[in-house]
Amino acid sequence: FKGKQAFIQGAISQPGLPGFKTLKVYHDCTNVLWQWQVTGLGANKWPVKGFNSFVANPLSGVIQSNELE
């Protein structure tokens, strides 16, 4: 991608994943843990589960980091 705006437009124009489901969301003032599950990927034998951990700047509310497991 050439630039931030091109990346954002490319990311939001993609179709959603079929079978995507939010399992839980945990949060405090600066941290969000989002647990999710996707079915129907690959050989479609097992659901894929994972989480994203976000850390936000307490003053601006902007996400400073995102970890995916």
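Strands E3 and E4 form a hairpin with six residues between them, and Gly 61 in its turn has a positive phi of about 80°. Strands here, like helices, are DSSP runs numbered from the N terminus, with at least two residues (E) for a strand and at least four (H or I) for a helix. Please keep in mind that this is a predicted model, in which local features need pLDDT of at least 70 and side-chain atom pairs count only at pLDDT 80 or more, while totals for chains, interfaces and linings use all residues. Residues are numbered from 1 along each chain as its sequence is written, and side-chain values use heavy atoms, leaving out hydrogens and water.

**Overall layout**

- Taken along the principal axes, the C-alpha atoms fill a box of roughly 45 × 35 × 15 Å.
- Buried residues make up 12% of the 69 residues; buried means under 20% relative accessible area, exposed means over 50%, and partly exposed lies in between (1.4 Å probe, protein chains only).
- Among contacts between residues at least 6 apart in sequence, 10% join residues at least 24 apart, where a contact means heavy atoms within 4.5 Å.

**Strand pairs and hairpins**

- Strand E1 (residues 20-27) pairs with strand E2 (residues 31-38) in the antiparallel sense over seven bridges; two strands count as paired if DSSP finds at least two bridges between them.
- Strand E4 (residues 63-68) is hardly covered, as the count of buried residues among its six residues is zero.

**Residues to look at in E2**

- Leu 33 is found in strand E2 and is partly exposed, with a relative accessible area of 30%.
- Not counting residues up to four places away in sequence, Leu 33 touches Lys 24, Val 25, Tyr 26, Phe 51, Asn 52 and Ser 53.
- The C-alpha atoms of Leu 33 and Phe 54 are separated by 6.4 Å, although the two are 21 residues apart along the chain.
- Gln 37 also has its place in strand E2 and counts as buried, at 15% relative accessibility.
- Beyond residues up to four places away in sequence, Gln 37 touches Gly 19, Phe 20, Lys 21, Leu 23, Pro 47, Val 48 and Lys 49.

**Loops**

- Gly 19 is found in the loop between H1 and E1 and counts as partly exposed at 37% relative accessibility.
- With residues up to four places away in sequence left out, Gly 19 touches Gln 37, Val 38 and Thr 39.
- Gly 19 and Val 38 are 19 residues apart along the chain, and their C-alpha atoms are separated by 5.2 Å.
- Asn 44 lies in the loop between E2 and E3, and its phi is near 60°, a positive value in a residue other than glycine.
- Most residues other than glycine have a negative phi.

**Surface and helix**

- The protein exposes about 5800 Å², and carbon and sulfur atoms supply 60% of it; accessible areas come from the Shrake-Rupley method with a 1.4 Å probe, and for residues only the protein chains shown count as cover.
- Leu 17, Phe 20, Leu 41 and Val 48 form a nonpolar surface patch with about 320 Å² of accessible area together.
- Patches are made of residues with over 30% relative accessible area and no salt bridge, joining like charges within 9 Å and nonpolar side chains (Val, Leu, Ile, Met, Phe, Trp, Tyr) within 5 Å; a salt bridge is a side-chain nitrogen of Lys or Arg within 4 Å of a carboxyl oxygen of Asp or Glu.
- Val 48 lies in strand E3 (residues 48-56) and counts as partly exposed at 36% relative accessibility.
- Gln 5 lies in helix H1 (residues 4-12) and counts as exposed at 52% relative accessibility.
- The C-alpha atoms of Gln 5 and Ala 43 are separated by 35 Å, and the two are 38 residues apart along the chain.
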